[in-house]
Structure formats: structure tokens, C-alpha cells
Amino acid sequence: MRKFGFYVALAVAATIPGLFMRLTGMHVTPVLDTLIFGGALLAAGFMLSWSAETAEEHVSQGVAMAALALVTILPEAAVDMYFSFQAGQHPTSDYVQFAAANMTGSNRLLIGTAWPLMAILFWWRSGKRAVELRWENSVEIAYLALASIYSFVIVLKGRIDLIDTIVLIALYATYLWRLGKLPRPGSGSDDTDDDGDDENDLEVGPAAVLATLPKRAQYTMMALLAIIAGAAILFVAEPFAESLVATGTQLGINKFLLIQWISPLAGEAPEIIEKLL
């Protein structure tokens, strides 16, 4: 419990400098601004991840995983929404490219780095060379395939419009509805893996400690973590995005590539780091 308190305190403390600078309008240098605001977004990602992982104990695992995936990308999604909004306000500006850079960078980091890393970690810990997919994973795979197929429609059109928004949101909503039909943890059969351990046991870390608290305390901590993280994302996304652009200008680095590689880390890094630990 003491270690859990340390991690939470550390994450909250990491958001304070960024929130203070945002509320006071203070700036240092573009590079330091990027580090401070980026650190706040990264800490927010950890807090959201802990809160969402704990929710696995209260809803079906599929829904929890879908919610976790959605929640943990909020830091990078907030940055992308800022770039997209600015692109709409200034259609001829570089913000159009910046929004594309953030989005494509997120997908490249996830597919090109996170997925292979998960396979490597699985092999490292279990000694097995392949991750075996179960029948329960068919829902996730099927809807991932549908979304991937539809992405070619967007490429062929050469644009993303409101129709795409409606289709993709409907697809995700249907996906969540289908996952909601799956059994909750501990509610029936197939809740154990081959060695008899509970498949839904949380891994070691803050989320595991949080799951041991009484239900009321769990809900309170989950809400507090989500509120603090949400406030950090709301206030820090804009200055972080602008500090990245300014950093590229100051260091003479291609701003498109800088945003493509750095911005998505705020959303993807917490999950990867927790797996490594």
C-alpha cells in the first residue's frame, strides 16, 4: 500500500508543474516546456491506465480492455484534437500536417513497436514463442478486421469526413455492445487459464493494489485519478502541442517527424512501461 501511495503521489506531482505553467501562462524554453507538459500528459496516462485496469474487476474483461484502450490514448487524442481544431480554423496552415503526423505516428508506434514488444515480453516471461489467441478473442479480431478494411475506403476517398466519423463510431459502439455480452470476471466457466490461476487477476502494480481496496474506496480512488488526469489533459494538451512545434523550430528538426514520434508516447508509453515492469 505504501508503494501504491508513492506511485500515485509521484504521478500527481508530475502534473503540477505543467498545470501551474498553463494556468499562469509561464514558459521557459521550448525544449523544457515540452518536457514539463509532456511529463504531465505521461503522468495522466498512467493514472488513467490504473483506473481503467481496476475496472476489469467490475465489468466484462472485453469491455474493460476496450475502455482501457480508449482511455489510455486520451493524452495523444487530446493533442490530435487540438491540431485538428487549429487545422479547421487555419486550413492552409501546417496544422493539417501536424494532425496527420500525430495520428499516423500513434498507429505506427502501436503496430510497429508495441505489438512486437508484447510478443517479446510474452516469450521472455513464459518461454513460449507465440501468443495463442482464444475463441473469446474472436470479437476483438473481427472488429479490428472490419475497421482495417474500412480504412481503405478512407484512403481511396483521399479524405476523412463526417460519414467516416459516423461509421467508425457506430462500429466501435457495436463492438462495445458485443463485448458487453461476454461474461464478467468470475461469473462462470473459462475464467481460469491452463495452470489454474485466475485469468483476470491484475498484474503487480498500482492497479493490483487498488483492486484490493473495499469497493467504495476503489470507486473513490478511480474517480479521483480520472479527474486529476482529465484536468491535466484538458489544460496541458494545447501548450504541449505548441511547445513541440516550437522545439522543432528551435532545434532545426523536422516538425512533422518530431510530432509523429514524440506526441504518441504520452498515450502509449504508460502501457508499455507497466508491461516491462
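Predicted model: local features only at pLDDT ≥ 70, side-chain atom pairs only at ≥ 80, totals over all residues.
Me: Which helix holds both Tyr95 and Phe98?
Reply: Residues are numbered from 1 along each chain as its sequence is written, and side-chain values use heavy atoms, leaving out hydrogens and water. Helices are DSSP runs of H or I with at least four residues, numbered from the N terminus. Tyr95 and Phe98 sit three residues apart, about one turn, and both lie in helix 5 (residues 95-126).

Me: How many aromatic pairs are there?
Reply: Rings of Phe, Tyr and Trp (its six-membered ring) pair if their centres lie within 6.5 Å; planes under 30 degrees apart are stacked, over 60 edge-to-face, and the rest tilted. By this rule the count is nine.

Me: What kind of pair do the rings of Tyr95 and Phe98 make?
Reply: Their centres are 5.9 Å apart. Their planes stand at 85°, so the pair is edge-to-face.

Me: And what kind is the pair of Tyr143 and Tyr175?
Reply: Here the ring centres are 5.6 Å apart. The planes are at 45°, so this pair is tilted.

Me: Which helices does that pair of Tyr143 and Tyr175 tie together?
Reply: The pair ties together parts that are 32 residues apart in sequence. That is because Tyr143 lies in helix 6 (residues 138-157) and Tyr175 in helix 7 (residues 162-180).

Me: Is Tyr175 buried or exposed?
Reply: Buried means under 20% relative accessible area, exposed over 50%, and partly exposed in between (1.4 Å probe, protein chains only). Tyr175 has a relative accessible area of 14%, so Tyr175 is buried.

Terms used
Helix = DSSP H or I, 4+ residues; strand = E, 2+ residues; numbered from the N terminus.
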